[in-house]
Amino acid sequence: MYILHLLKLFLSTILYYSGASRAALKIMLKIKPAHFIFMYHRVNDGNHNIFSGLDIGILEKQIKALKRYFKFVTLSEFVGLINNSDKPLTVITFDDGYKNTFTNAFPILKKNNLPATVFLTTGVIDNDDIIWTDKLSMLKRTDAASLEKLKTELKNVPNSDKENRIKQWESCPGIDYKSIPEAEKMLSWDEVKIMAKEPNIEFGAHTVNHLILTKVNKEEAEKEIIDSKQKIETELSRKITAFCYPNGQAGDFNEAVIEILRENGFTCAVTTIEGKIKKDDNNFALKRISLGERPPHLVVLKIIKEVLKNV
Ligand SMILES: [Zn+2]
């Protein structure tokens, strides 16, 4: 298996640097334009202590590779364009609202004059709190063995239980919020407002507490959605129309959740389900791609693979 992996790596490198895979992708996209939404979370600069994330250098290389093939737009522009666009379109999205979206990713976006959509979890802005999935990551540092079990448990319990269980874990030796360096915390509204001055940086809602919306009752789901939207709209004085489902897998949203979004002025929502975007896809169940740590030649290979799926 290792030999096969090495061979794949070797061939994809040759194909990329000889220009063959790059040319193949260009032709493929010309024949049949495909559109993609790429998903990012934390972007680290090498000085992180606690939370892992994508290296800033890799992000820049991936973005430069994507620029060869795609026109970058924000998510709300994307949904208005995909059904009539002959050009392959792409959106880069940053989830959760990490401070390093501002300190590390934003300078790259600005330098390359690229649009992006940033999803904010409003309950952890301007305070020392972090989202519950990151609390799990902190726990992982001391108790990796039970983490996966707890993670699955947490995703399947109602919110009231979730809070209680997290509180129990907070007494674990690995959970110490004061130990989180400033650079690894969440965004402040001041930072959000600086980014919002760039006309091509869009903000979307990602709930207040990052709760999985199918695991709470309708009133709670409504509150999570509406309160996060209103908070961003008040802070930025602009309409918010894009949404990102916490966790974002098939069981994490449903028709009832989509109805709440529609009723409250959203026009689109992204998931974490992997795939390209096809014409007439449901704008409230948009798939995304995570490129992980792929270097440019594997980015191209990944996109070729996705373009060829279900052709
Ligand atoms: Zn999230």
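Because the model is predicted, local features need pLDDT of at least 70 and side-chain atom pairs count only at pLDDT 80 or more, whereas totals for chains, interfaces and linings use all residues.

View 1. Strand β7 spans residues 201–205, strands being DSSP runs of E with at least two residues and helices runs of H or I with at least four, numbered from the N terminus. Of its 5 residues, 5 are buried (20 or more other C-beta atoms within 10 Å of the residue's own, with C-beta atoms placed from the backbone). I201, F203 and A205 point one way from β7, while E202 and G204 point the other way. Strand β6 (residues 116–120) runs parallel to β7 and is joined to it by 5 bridges, where pairing requires at least two DSSP bridges; T117 stands opposite E202.

**View 2. M39 in strand β1.** M39, which lies in β1 (residues 36–40), is buried because 22 other C-beta atoms lie within 10 Å. Beyond its neighbours within four places in sequence, M39 is in contact (C-beta atoms, placed from the backbone, within 7 Å) with T93, D95, T272, R288, I289 and S290. The C-alpha atoms of M39 and D95 are separated by 7.4 Å, although the two residues are 56 residues apart along the chain.

**View 3. Surroundings of L213.** Leaving out residues up to four places away in sequence, L213 touches A221, E224, Y245, P246, D252, F253 and V257.

Note on methods. Residues numbered from 1 in each chain as written. Buried ≥ 20, exposed ≤ 12 C-beta atoms within 10 Å, placed from the backbone. Contact = placed C-beta atoms within 7 Å.
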